[in-house]
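Subject: Structure handover and findings

Hello,

Here is the structure I promised to pass on. Please open it before you read the notes below.

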Amino acid sequence: MTRAWIFPTNLELPAWIIIAVIVIIGTAVGFSVFLESVKYIGPVKSTLLGCLEPASATSAGKERKWRIVYRRSN
């Protein structure tokens, strides 16, 4: 378990730049993909798929975490 609300503040400038690039590109790409999906499959289906993304990411993350824990215990 980690404390996600505690963010390290003693990072060097390259680390801050990498974090900023990831956040900006991740936001821009995600929003662009959402807008393109609205064009092709409609707003209702796009929004429903967008709402499923956090749930699928959570379940995939939990599965990965348990695989890592299981490997370390063996």
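What follows is a short account of what was found in it.

This is a predicted model: local features need pLDDT of at least 70, side-chain atom pairs count only at pLDDT 80 or more, and totals for chains, interfaces and linings use all residues. Residues are numbered from 1 along each chain as its sequence is written, and side-chain values use heavy atoms, with hydrogens and water left out.

Overall fold

The protein chain has 2 helices and 0 strands. Both terms refer to DSSP runs, numbered from the N terminus: H or I over at least four residues for helices, E over at least two for strands. Helix α1 covers residues 13-41. Helix α2 covers residues 43-73. The end C-alpha atoms of α1 are 41 Å apart, which agrees with the 42 Å that its 29 residues should span at 1.5 Å a residue. That expected span is 1.5 Å times one less than the number of residues. Just after α1, G42 takes a positive phi of about 95 degrees.

G30 lies in helix α1.

Surface

The protein chain exposes about 6,900 Å², and carbon and sulfur atoms supply 70% of that area. Accessible areas come from the Shrake-Rupley method with a 1.4 Å probe; for residues, only the protein chains shown count as cover. Of the 74 residues, 3% count as buried. Buried means under 20% relative accessible area, exposed over 50%, and partly exposed in between (1.4 Å probe, protein chains only). G30 is partly exposed, at 38%.

There is a nonpolar patch on the surface. F7, L13, W16, I17, V21, I25, V29 and V33 form it, with about 750 Å² of accessible area together. Patches take residues with over 30% relative accessible area and no salt bridge; like charges are joined within 9 Å, nonpolar side chains (Val, Leu, Ile, Met, Phe, Trp, Tyr) within 5 Å. V33 is exposed, because its relative accessible area is 52%.

S46

S46 sits in helix α2. At 2% relative accessibility, S46 is buried. Its side chain makes a polar contact of 3.1 Å with that of S37. Such a contact is a pair of N or O atoms within 3.5 Å; within protein, one must be able to donate a hydrogen and the other to accept it, and residues adjacent in sequence count only if both atoms are side-chain atoms. Leaving out residues up to four places away in sequence, S46 touches F34, S37, V38 and I41. Touching here means heavy atoms within 4.5 Å.

Salt bridge

The whole structure has 1 salt bridge (a side-chain nitrogen of Lys or Arg within 4 Å of a carboxyl oxygen of Asp or Glu). E36 pairs with K39, with the closest N and O atoms 3.3 Å apart. Both lie in helix α1, 3 residues apart, about one turn of the helix. E36 is partly exposed at 36%, and K39 is exposed at 56%.

Best regards
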